[in-house]
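Good morning, and thank you for making time for this item.

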Amino acid sequence: MDFGFTDDQREIQRTARELLAERANPARVREHAEAGRTDEALWAELRELGWPGIALEEAYGGQGLGRIELSILSEELGRSLAPVPFLPSVIAGTLIEQAGSPAQRERWLPGLAAGELIGALGEVVGGAAELVIGAPEAQVIVLLEEGHTARVLAAEEADVEPVASIDSTRSTARVSAPEDAGEALEGDVRAGVDRALVAVSSELVGVCDRALEMTVAYVKERRQFGVSVGSYQAVSHRCAQMLLDTEKARSTAAFAAWTADADPERLPEAAAMAKAAASDAGREVTASAIQAHGGIGFTWEADVHWLYKRAQLDAALLGGAKPQRAHLAEILAKQGSALGVA
Amino acid sequence: MDLTFSQQETAFRDELRAWLADNPPDPRPLDGGEDAEYAWRRDWQRRLYDGGWAAPHWPTEYGGRGSTQTESAIYFEEIGRARVPMAANILGTLLGGPTLMQWGTPEQKERYLSPILSAEEIWCQGFSEPDAGSDLAALKTRAVKDGDEWVVTGQKVWTSGAQYATWCMLVARTDSETDKHKGLTYFLMNMNQDAVQVRPLRQITGEAEFNELFIEEARIPDENVVGGVGNGWKVALTTLMNERAGLGFALQIRMRQLLDDLIATAVERGLLDDPLYADALAELHVRCESIRLLAWKGLTDSERYGQPGPEGSLVKWLWSDTNQRLTQLAVDIIGPDALTAGTSWSYEQLRARGNTIEGGTTEVLKNIIAERVLGLPRLKVAA
């Protein structure tokens, strides 16, 4: 039993954090978010480093590493709010890898692994997929229908209508397509969705972690009534709650990432748990961050709002906490006790 | 990251599981009250002792197995899973023994450790006082030197097992002139003296798990000081740090079993098809599993970096809050039976109210997390 990262994994985490602290610093994120632009220079750099293909098979030009490594990068990108289409590309690639035919994989994965293609993953509800992250820039789009079927489309086969979301660190669009457009993904769509949920959960963990870090720094510094406001229990206990929510999300996301590679039978349950915990934590922790920052937290300049907005979109992505728990309840009804674990 | 047990750990678990299956405790006594229940738990510990399973985390030289922290956690998970009673002298094996191993003289180890393990001598813990709960170092029980003895006067509270105990881990003030932490000394007090009166403390469940101790000039020989005069705070911290080290794993499994029972009932009654119940039960499932994950993660950190970190406070906080939510939801799912006196669900619900108070209130845990994990400034309060 060992929850720690390997030396290699720690190294990935360290280099990612150092790189993003510089290249995706708050001023640069704000600049791109305000302009509604992807940070092309940073994306080019991440492509050089092979990030988009970290978890894809080497046969398709990926690095062939595991879901834990992907989670590490997702978390760091979430922490920094880097304005790059990493998450949408990676989750679209995951669906094609898990559920696509050999020909479909051949066609799309090498481009996605190299970052030459940008992917997007949307969920069709009532004829269209709303707020599909990365879709305005994507060359390949995967559309989930009714949660268990999926098709892959070249962007030109779909109708992509850009719609700005509250989170302007990323592009979003409304996507629809004629019924006969694209190709069905005939394989295990659920296996792809579950792995995608893990990546989104990890990004949320990063967002929470950063929100907590900024909040703790602020409430230590900010003084009222002659003392730093962080010494008031109304404030410090809120921070403790933020940590608890974050750690709950972190531990379930880590478990789900591990499960995806080592114990796939438990993945459906683990992925639903992770996304439920991370969606709740993402909303609660970033909302608390605004509250604990007081008036300044409500200003555009304080930068806390970017975290809140990212968390809102990620929390809803592929189903928020409530649908995840509904799914989990179905699993529990079928399997009964969880005590077979470990 | 590898969330499986090693071969050695699996072998340990399988050996224990097989032993527990072959050596079940006697059926729980239905009458005879608390004394019969205690005798039953004592008998169970003797059986564990004979099988070499009373305290596997103790070093082999003292009769344990020298188990690793992971094996010790497995031990408590299996104890919980097998639904066997808690050993009668759990405070001795979990708290008293390890404290003596760290601070005791060779003579003290020789004298006390073996009878702890065999449940021949039961131990209790005399820390809290009516005016010293969360603020333990404010305790007032006084010990005054008289020749080669100490004379102790004061009052202790929340002393479980005191009516059966031979020895009490007692922290008393030996110097009232100095700083409140420095004036304390840790003693082993013989409970079999008239100067120590034990009065059961009836709790909201109606039973008396705990007691009050009224101490009126009790005598303790100087050789029963543990860790030196004036060093009582440090010795007490050793005891407190061991408090949840293993027990948490048993409690966490017990809660898992309660939740499994509750889910089974909900399925039976078709309540899992109701989205409100489904949501609440799934949330409890997420919480239960994250407690387990966080507990194991804490153990990994502790094995890697030495001492268990203050992050353990997160596990206790989440566990106690979750157990209260679970037992409250049970009333909605189980129905009137869960509010009927004497049923297990009504007991669990009432008992759970203590969870957020005992072993560190949630409020204190939040302070610990804020100050020691997040590094927030300590609240300045008037002395």
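This is a predicted model: local features need pLDDT of at least 70, side-chain atom pairs count only at pLDDT 80 or more; totals for chains, interfaces and linings use all residues.

Let me begin with one pair of residues: in strand E7 of chain A, Glu183(A) is the bridge partner of Val152(A). Residues are numbered from 1 along each chain as its sequence is written, and chains are lettered from A and ligands numbered from 1 in the order in which they are written.

The pair I mentioned belongs to the antiparallel pairing of E4(A) with E7(A), residues 183–184, which are joined by two bridges. Two strands are said to pair if DSSP finds at least two bridges between them. E4(A) also pairs with E3(A), residues 140–145, in the antiparallel sense over six bridges; there, Val140(A) stands opposite Ala154(A) of E4(A).

The whole sheet is open and has seven strands, in the order E5-E6-E2-E1-E3-E4-E7 of chain A, with mixed pairing. E5(A), residues 159–162, and E7(A) are at the edges with a single partner strand each, so one side of each has no neighbour in the sheet. Elsewhere, E2(A) and E6(A), residues 172–176, pair in the antiparallel sense over three bridges, and Ala129(A) stands opposite Val175(A) in E6(A). Helix H5(A) packs on the sheet and touches E1, E2, E3 and E4 of chain A, its direction making about 75 degrees with that of E1(A). Axes here are lines fitted to C-alpha atoms, for helices over the stretch in contact, and angles run from 0 to 180 degrees between N-to-C directions.

I turn now to the domains. The assignment for chain A gives domain 1 as 7–184 and domain 2 as 189–335; such bounds come from an automatic or database domain assignment. The C-alpha centres of the two domains lie 20 Å apart. Across the boundary, 35 residues of domain 1 of chain A are in contact with 31 residues of domain 2 of chain A, where contact requires C-beta atoms, placed from the backbone, to lie within 7 Å. On the domain 1 side, H4(A) gives the most, with ten residues.

Within chain A, which way do H7(A) and H8(A) run relative to each other? H7(A), residues 189–221, and H8(A), residues 233–262, pack at an angle of about 155 degrees with their axes 9 Å apart. The two helices are therefore roughly antiparallel, a term for angles over 145 degrees. Among the residues that meet are Leu204(A) and Val205(A) in H7(A), and Met242(A) and Leu243(A) in H8(A).

Finally, the chains: 41 residues of chain A are in contact with 41 residues of chain B. The elements of chain A that give two or more residues to this side are H7, H8, H9 (267–292) and H11 (321–335). H8(A) gives the most, with 14 residues.

Methods
Helices (H or I, at least four residues) and strands (E, at least two) are DSSP runs, numbered from the N terminus. Angles under 35 degrees count as roughly parallel, over 145 as roughly antiparallel, 65 to 115 as roughly perpendicular and the rest as oblique. Two residues are in contact if their C-beta atoms, placed from the backbone, lie within 7 Å.
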